[in-house]
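These are my notebook entries on one protein model. I record what I looked up, entry by entry.

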Amino acid sequence: MVIRDFHIAKREEDIGYYAGFVGSSFMIGKALTSGLWGVVADHYGRKPVILSGNISVLVTAGFLSNFDSDNWQ
């Protein structure tokens, strides 16, 4: 929906192709930062790191939900 709504794909058939980039970019970011999160968890503890991760996901999802064109998505 986001790829179509932001007119990233020029054709309807290309939406799946670009959706693959979105999914893979999440995994690449996760792989690149997992070592850093491990060091932070060793220093501050596991629970604060999990809590900060959950809060950041909630804030990001709340921010991105402002771009929805349809509230029932």
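**Entry 1**

I began with A41, which I located in helix α2. The model is a predicted one, and I keep this in mind for each entry. I noted a relative accessibility of 22% for A41. Buried means under 20% and exposed means over 50%, so A41 counts as partly exposed. Which residues does A41 contact, once its neighbours within four places in sequence are left aside? I found R46 and V49.

**Entry 1: Helix α2 against helix α3**

I then looked up how the two helices pack. Helix α2 covers residues 15–44 and helix α3 covers residues 46–64. Their axes are 7 Å apart, and the packing angle is about 130°. Angles of 65 to 115 degrees count as roughly perpendicular and those over 145 as roughly antiparallel. The angle here therefore makes α2 oblique to α3.

Next I listed the residues that make this contact. From α2 I wrote down W37, V40, A41 and Y44. From α3 I wrote down R46, P48, V49 and S52. Sorted by class, the contact of α2 with α3 has six nonpolar residues, one polar residue and one charged residue. A41, the residue of my first entry, belongs to this contact.

**Entry 2: Aromatic rings**

I searched for pairs of aromatic rings and counted three. In one of them, the rings of Y17 and Y18 have their centres 5.5 Å apart and their planes at 80°. Planes over 60 degrees apart count as edge-to-face, so I recorded the pair of Y17 and Y18 as edge-to-face.

I also examined Y18 with F21. The centres of these two rings are 6.4 Å apart and their planes stand at 45°, so the pair is tilted. Both Y18 and F21 lie in helix α2, three residues apart, which is about one turn of the helix.

- Y17 has a relative accessible area of 53% and is exposed.
- Y18 has a relative accessibility of 31% and counts as partly exposed.
- F21 has a relative accessible area of 45% and is partly exposed.

**Entry 3: E13**

Where does E13 lie? I found E13 in the loop between α1 (2–5) and α2. Is E13 buried or exposed? Its relative accessibility is 61%, so E13 counts as exposed. I also compared the position of E13 with that of K47. The two are 34 residues apart in sequence, and their C-alpha atoms are 43 Å apart in space.

**Entry 4: The whole protein**

Last, I turned to the protein as a whole. I counted three helices and zero strands, and the elements run α-α-α from the N terminus on. The C-alpha trace spans about 50 × 25 × 10 Å along its principal axes. What is the radius of gyration of the protein? I recorded 16 Å, whereas a compact globule of 73 residues would have a value near 11 Å. Of the 73 residues, 7% count as buried.

Terms used:
Residues are numbered from 1 along each chain as its sequence is written. This is a predicted model: local features need pLDDT of at least 70, side-chain atom pairs count only at pLDDT 80 or more; totals for chains, interfaces and linings use all residues. Side-chain values use heavy atoms; hydrogens and water are left out. Axes are lines fitted to C-alpha atoms, for helices over the stretch in contact, and angles run from 0 to 180 degrees between N-to-C directions. Helices (H or I, at least four residues) and strands (E, at least two) are DSSP runs, numbered from the N terminus. Angles under 35 degrees count as roughly parallel, over 145 as roughly antiparallel, 65 to 115 as roughly perpendicular and the rest as oblique. Contact means heavy atoms within 4.5 Å. Ala, Val, Leu, Ile, Met, Phe, Trp, Tyr, Cys and Pro count as nonpolar, Asp, Glu, Lys and Arg as charged, and the others, Gly among them, as polar. Buried means under 20% relative accessible area, exposed over 50%, partly exposed in between (1.4 Å probe, protein chains only). Rings of Phe, Tyr and Trp (its six-membered ring) pair if their centres lie within 6.5 Å; planes under 30 degrees apart count as stacked, over 60 as edge-to-face and the rest as tilted. The radius of gyration is taken over C-alpha atoms; the globule rule is 2.2 Å times the number of residues to the power 0.38.
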